[in-house]
Amino acid sequence: MSKTKVLIVEDYRPLVETLEYQLKRAGYEVYRAADGREALNQAKLYLPDVVVLDVDLPILSGVEVCKQLRSDATTKDTLILMLSALGEESDQVVGFAVGADDYVVKPVESYKVLLQRIKALLRRREPSLDDADAISRCGVTVDRRRFVATIEGEAVKLTKSEFRLLDTLIRQPGRAFDRSELVDAALGEDTMVLERTIDVHVRALRKKMSEHADLVETVRGVGYRFREE
């Protein structure tokens, strides 16, 4: 069986060397890139399973690299874990909005935790196919098998986390999900993030739903629900 491939995109050499050592020790095949342009070339050449992507990069920023990886058919499904010294909620919103699957604030305090987050991303790569594959409510359709969401027949481009979040909510309209439940459903049970992180995903999802944004309702003191018809 071939090894899982990880591309580290980071220009701070001590961090790269430590992370590369930890990943290789855990059994991963590791590649490096020190700037945004090299990252895109390496990603297309080696087709990594996971990209650990610094935001502040030379030549092309991590945000731009993420956008281009998502827009390229050969790398659009690559798992992306962003690393950034920028830890404000607005910075995370940008990261998730351009397609990051996870967001880790530097400095990395525990490489063991970082490795667990990479493992968690890999475990939730494939969408679940239990229950009906496609479901429609209030003009919104979610198709698990095709991994497509549409609103009034028009495709909506969602990240994997946003798709899973919408899929979870729409299948039980009227039910109030608390944030911890939505973290498990949308990000994976092994994901170690603050429960408030789900608010970032909800805001991004609502923005993409445009005039249908009010279908995802806030339940004060609890979390969120999909409006009943």
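Modeller: Here it is; we can start with the whole chain and then go to local details. Keep in mind that this is a predicted model.

Biologist: Fine. How many helices and strands in the protein chain?

Modeller: Eight helices and 12 strands. The radius of gyration is 18 Å, close to the 17 Å that the globule rule gives for 229 residues, so the chain is as compact as a globular protein of that length.

Biologist: And what box do the C-alpha atoms fill?

Modeller: Roughly 55 × 35 × 35 Å, along the principal axes.

Biologist: What share of the residues is buried?

Modeller: Buried residues are 48% of the 229 in the chain. On contacts, take those with a separation of 6 or more: 57% of them link residues 24 or more positions apart.

Biologist: What about the surface? How much of it belongs to carbon and sulfur atoms?

Modeller: 47%, out of an accessible surface of about 11,600 Å².

Biologist: Charges next. How many positive and negative side chains?

Modeller: There are 36 positive and 40 negative ones. The centres of the two sets lie 2 Å apart.

Biologist: Switching to strands. Which sense do E6 and E7 pair in?

Modeller: Antiparallel, over four bridges. E6 covers residues 134–137 and E7 covers residues 140–143. Ile135 stands opposite Val142 in E7.

Biologist: Which residue in that E6 and E7 hairpin takes a positive phi?

Modeller: Cys138, near 55°. Two residues sit between the strands there.

Biologist: Now E12. Which strand does it join over four bridges?

Modeller: E11, residues 216–219, and the two run antiparallel. Glu217 has Arg225 in E12 as its bridge partner. The hairpin of E11 and E12 has three residues between the strands, and Gly221 takes a positive phi near 80°.

Biologist: And how many bridges between E10 and E12?

Modeller: Two, again antiparallel. E10 spans residues 177–178, and E12 spans residues 223–226. Phe177 faces Tyr224 of E12 across that pairing.

Biologist: Which way do side chains point along a regular strand?

Modeller: They alternate between the two faces of the sheet.

Biologist: Last one, Gln42. Where is it found?

Modeller: In helix H2, residues 36–46.

Biologist: Is Gln42 buried or exposed?

Modeller: Buried. Its relative accessible area is 14%, and the cut-off for buried is under 20%.

Biologist: What does Gln42 touch?

Modeller: Leaving out residues up to four places away in sequence, Gln42 touches Leu7, Arg32, Ala33, Leu47 and Pro48.

Terms used:
Residues numbered from 1 in each chain as written. Predicted model: local features only at pLDDT ≥ 70, side-chain atom pairs only at ≥ 80, totals over all residues. Heavy atoms only, no water. Rg over C-alpha atoms; globule rule 2.2 N^0.38 Å. Buried < 20%, exposed > 50% of the residue type's maximum accessible area, 1.4 Å probe, protein only. Contact = heavy atoms within 4.5 Å. Areas by Shrake-Rupley, 256 points an atom, 1.4 Å probe, with all protein chains shown as cover. Lys, Arg positive; Asp, Glu negative; His and termini not counted. Charge placed at Lys NZ, Arg CZ, Asp CG, Glu CD. Pairing = 2+ DSSP bridges.
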